[in-house]
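Here is a friendly walk through the model shown below. Keep the structure open beside the text and follow along as the residues come up.

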Amino acid sequence: MTGAQYRSGVPDNWFVDPVFLGVPGVRRDVPVEDDNPLSWQSDALCAQTDPEAFFPEKGGSTRDAKRICATCDVRDECLEYALQNDERFGIWGGLSERERRKLKRRA
Ligand code: SF4
């Protein structure tokens with residue numbers, strides 16, 4: 001598929017810049033907001049990789065994204081956030097949409 005035809009499935013808001021969030025240690029002159037529900041994203045491994053792996057096209061492989069999630073320090077926080085916010089698309093906390101739906105049904 002050529003670049004002109006390609007439509008990315010990565011949402012614009014999939015990641016919030018930790019500087020914007022005022023996450024401790026990222027930029028010292030920004031006030032600390034301890035209660036920010038997205039502060040875990042400052043340690044998100046996926047932020048250092050290709051986000052498209054985490055939002056594959058329908059039927060696309062999730063293996064690479066899940067491999068990264070397996071070593072991510074904020075996996076629990078990420079999954080919790082996705083479940084609480086009913087994230088419908090992408091890999092969060094190492095689980096696909098379908099796997100998150102199954103997990104919710106079991107809860
Ligand atoms: S668990 Fe996966 S999707 Fe969640 S922050 Fe870590 S690398 Fe990103």
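## Helix H3 and its cover

Helix H4 is part of what covers the buried residues of H3. Those buried residues of H3 are Cys 78, Leu 79, Tyr 81, Ala 82 and Leu 83. Please bear in mind that this is a predicted model.

How do the two helices cross? The axes of H3 and H4, the latter spanning residues 97–106, come within 11 Å and cross at roughly 75°. Because angles of 65 to 115 degrees count as roughly perpendicular, H3 is roughly perpendicular to H4. On the H3 side, Leu 79, Ala 82 and Leu 83 make the contact, and on the H4 side it is Arg 100, Leu 103 and Lys 104. Sorted by class, this contact has 4 nonpolar and 2 charged residues, with no polar ones.

## Around the end of H3

After H3 comes Asp 86, which has a positive phi, near 55°. Further along, Ser 96 sits in the loop between H3 and H4. Is Ser 96 buried or exposed? Its relative accessible area is 12%, and since buried means under 20%, Ser 96 counts as buried. Setting aside neighbours within four places in sequence, Ser 96 touches Lys 66, Gly 90 and Ile 91.

## The nonpolar core

The largest nonpolar core has 17 residues, and Trp 40, Phe 54, Phe 55 and Trp 92 are the ones with the most contacts inside it. Helix H2 (63–69) and helix H3 (75–84) each supply at least two residues of this core. H3 provides the largest share, with 3 residues.

Which residues does Phe 55 meet, leaving aside its neighbours within four places in sequence? Phe 55 is in contact with Gly 9, Val 10, Pro 11 and Trp 14, and also with Phe 89, Gly 90 and Trp 92.

## The ligand and its shell

Which residues surround the ligand? Cys 46, Cys 69, Cys 72 and Cys 78 are among them, together with Trp 40, Ala 44, Leu 45 and Phe 54. Val 74, Arg 75, Ile 91 and Gly 93 also belong to the surroundings of the ligand. By class, this shell has 10 nonpolar residues, 1 polar and 1 charged.

Some names come back here from earlier sections. Trp 40 and Phe 54 are among the residues with the most contacts inside the largest nonpolar core, and both also surround the ligand. Likewise, Cys 78 is buried in H3 and is one of the residues around the ligand.

## The loop between H1 and H2

Asp 50 lies between helix H1 (18–21) and H2, and at 45% relative accessibility Asp 50 is partly exposed. Asp 50 and Ala 65 are 15 residues apart along the chain, and their C-alpha atoms are separated by 9.1 Å.

Glu 57 is also in the loop between H1 and H2. With a relative accessible area of 44%, Glu 57 counts as partly exposed. From Glu 57 to Gly 90 there are 33 residues in sequence, while the C-alpha to C-alpha distance is 9.3 Å.

## The protein as a whole

To step back, the protein has 4 helices and 0 strands, so the order of its elements from the N terminus on reads α-α-α-α. Of its 107 residues, 31% count as buried. Among contacts with a separation of 6 or more, residues 24 or more positions apart account for 48%.

Note on methods
Residues numbered from 1 in each chain as written. Predicted model: local features only at pLDDT ≥ 70, side-chain atom pairs only at ≥ 80, totals over all residues. Heavy atoms only, no water. Near = heavy atom within 4 Å. Nonpolar A, V, L, I, M, F, W, Y, C, P; charged D, E, K, R; others polar. Core = buried A, V, L, I, M, F, W, Y, C linked by side-chain atoms within 4.5 Å. Buried < 20%, exposed > 50% of the residue type's maximum accessible area, 1.4 Å probe, protein only. Contact = heavy atoms within 4.5 Å. Axes fitted to C-alpha atoms, helices over the stretch in contact; angles between N-to-C directions. Parallel < 35°, antiparallel > 145°, perpendicular 65-115°, else oblique.
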